Amino acid sequence: MAMLWKFMRVARYSKTALPPKVRGIPVHSRHFSSSKSVPSDFAASTTCLNTVELLGKSYPQDDYSNVTEKILSKVGKNLHNKKHHPLWLIKEQVKDHFYKQYTGRRGTPLFSVYDGLSPVVTVQQNFDSLLIPQNHASRKKEDNYYLNRDHMLRAHTSAHQWDLIHSGLDAFLAVGDVYRRDTIDNTHYPVFHQMEGVRLFSCHELFSNIKDGESFQLFEQGHRTAHKQECHTMEAVRLVEFNLKQVLTKLMTHIFGDGLQVRWVDCYFPFTHPSFEMEINFQGEWLEVLGCGVMEQQLVNSAGAQDKIGWAFGLGLERLAMILYDIPDIRLFWSEDERFLKQFIVPHICQKIKFQPLSRYPPLINDISFWLPSETYSKNDFYELARTIGGDLIEKVVLLDEFTHPNASLYSLHFIT
């Protein structure tokens, strides 16, 4: 799902569920979208061995460059902006819910939506701005698609958090395609789609509906605990956490229906504290659907909103669509088969849809083992090779065994595809 949101989770079930305006954005500009997909032939090309042309810009390659032609061909497809695509339906449901549920004083939408931001970001945007440590596992070259040491394909929509807050936004949703090198099976794909949500509160906004609210403060000089950051007051954190969980519970109820059971799992993310994962009980099974938490104040302060406190969440559109529409394979979202696409042409975005399976190719199982060409070769390198050659016809690749030769200092991997 939200890969960086869930990369370092340290889970334990939450003991309790706590009870109890966007600056400078014109009304007509609440939704910022590039709804037309960019043809892949124009989106990306390799002009020479040392340069990649992507979305009209040139990026010199270096020892960190590892983006394949297969991945570059996906840039600019923007499935989340293709009308009647299942990912578009999910995005529109969430957007419609936020527009109707949360409005400003004049009745205009409180949350602005950005679904056309470039997937090419700097390493600083993707990691440093989110306080992700230099030695964090999520930065590894083997897990990301780097254009070079300075630029990469975003690994999460959180890469835009700092910039949007710095521009003066207090409430926004950012939607887009994200890229992660990963295993090959029916629930993982190197390109997927995320939605990021952020809401900031001033002292007045947070405490205005609380009795004697004028006596409460957002900040203090205290100590970091499992329940709060050192700079936040307990009253502020409790209200922000309650608002966050209430907003997300309403959202999931809107998507999956009334009577939905929800539970919260305590976890760890570098950019929020406290942090949670949300699970829903759908058709008798508990499923994780998103990560969220109270934003690290250091991040908020560095973006220029020192007088505010806020929450953030990240969810995967494919995850929600697979659950809601009973789609069994994440690769189907890239299908251009009319038998798949026509199932989602409906008169209303909230209409119930149950995916009808298509005929599949008969299975062909291959047993592959080989000596590794170098010590730095990883299983994700083999997955990339398999994707480049076999594309989406390869349903699954499983690492079955590893072997180290006792005398020759050779190392081999054994896969079944």
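The following legends describe close-up views of a predicted model of one protein chain.

**Figure 1. Overall content of the protein chain.** The chain comprises 12 helices and 17 strands. Of its 417 residues, 52% are buried. Its accessible surface amounts to about 20200 Å², and carbon and sulfur atoms contribute 52% of that area.

**Figure 2. Cysteine residues in a structure with zero disulfides.** The cysteine sulfur closest to that of Cys267 belongs to Cys292, at 7.4 Å, which is too far for a bond. A disulfide would require the two sulfur atoms to lie within 2.5 Å. Cys267 is buried, with a relative accessibility of 12%, whereas Cys350 is partly exposed at 32%.

**Figure 3. The largest cavity, between domain 1 and domain 2.** Classified by side chain, the lining has four charged, three nonpolar and two polar residues. Because domain 1 (53-344) and domain 2 (361-416) both supply lining residues, the cavity lies between them.

**Figure 4. The second largest cavity, also lined by residues of both domains.** The volume here is about 40 Å³. Lys70, Ile71, Lys74, Tyr189, Pro190, Arg387, Gly391 and Asp392 form the lining. Four of these residues are charged, three are nonpolar and one is polar.

**Figure 5. The cis peptide bond between His273 and Pro274.** Omega for this bond is about 0°. Pro274 is part of strand S12, which covers residues 272-282. Most peptide bonds, by contrast, are trans.

**Figure 6. Leu55, a residue other than glycine with a positive phi.** The phi angle of Leu55 is about 55°. Leu55 occupies the loop that connects strand S4 (51-54) with strand S5 (57-60). Its relative accessible area of 32% makes Leu55 partly exposed. Most residues other than glycine have a negative phi.

**Figure 7. Gln283, likewise a non-glycine residue with a positive phi.** Phi is about 55° at Gln283. Gln283 is located in the loop between S12 and strand S13 (285-295). With a relative accessible area of 75%, Gln283 is exposed, whereas Leu55 is partly exposed.

Technical notes
Residues are numbered from 1 along each chain as its sequence is written. This is a predicted model: local features need pLDDT of at least 70, side-chain atom pairs count only at pLDDT 80 or more; totals for chains, interfaces and linings use all residues. Side-chain values use heavy atoms; hydrogens and water are left out. Helices (H or I, at least four residues) and strands (E, at least two) are DSSP runs, numbered from the N terminus. Buried means under 20% relative accessible area, exposed over 50%, partly exposed in between (1.4 Å probe, protein chains only). Accessible areas come from the Shrake-Rupley method with a 1.4 Å probe; for residues, only the protein chains shown count as cover. Ala, Val, Leu, Ile, Met, Phe, Trp, Tyr, Cys and Pro count as nonpolar, Asp, Glu, Lys and Arg as charged, and the others, Gly among them, as polar. Domain bounds come from an automatic or database domain assignment. On a 1 Å grid over the protein atoms alone, a cavity is a set of points where a 1.4 Å probe fits but cannot get out, and a pocket is an open set with protein on both sides within 12 Å along at least five of seven lines; lining residues have an atom within 4 Å of a point. Grid points are joined across faces, edges and corners, and a volume is the space filled by probe spheres set on the points.
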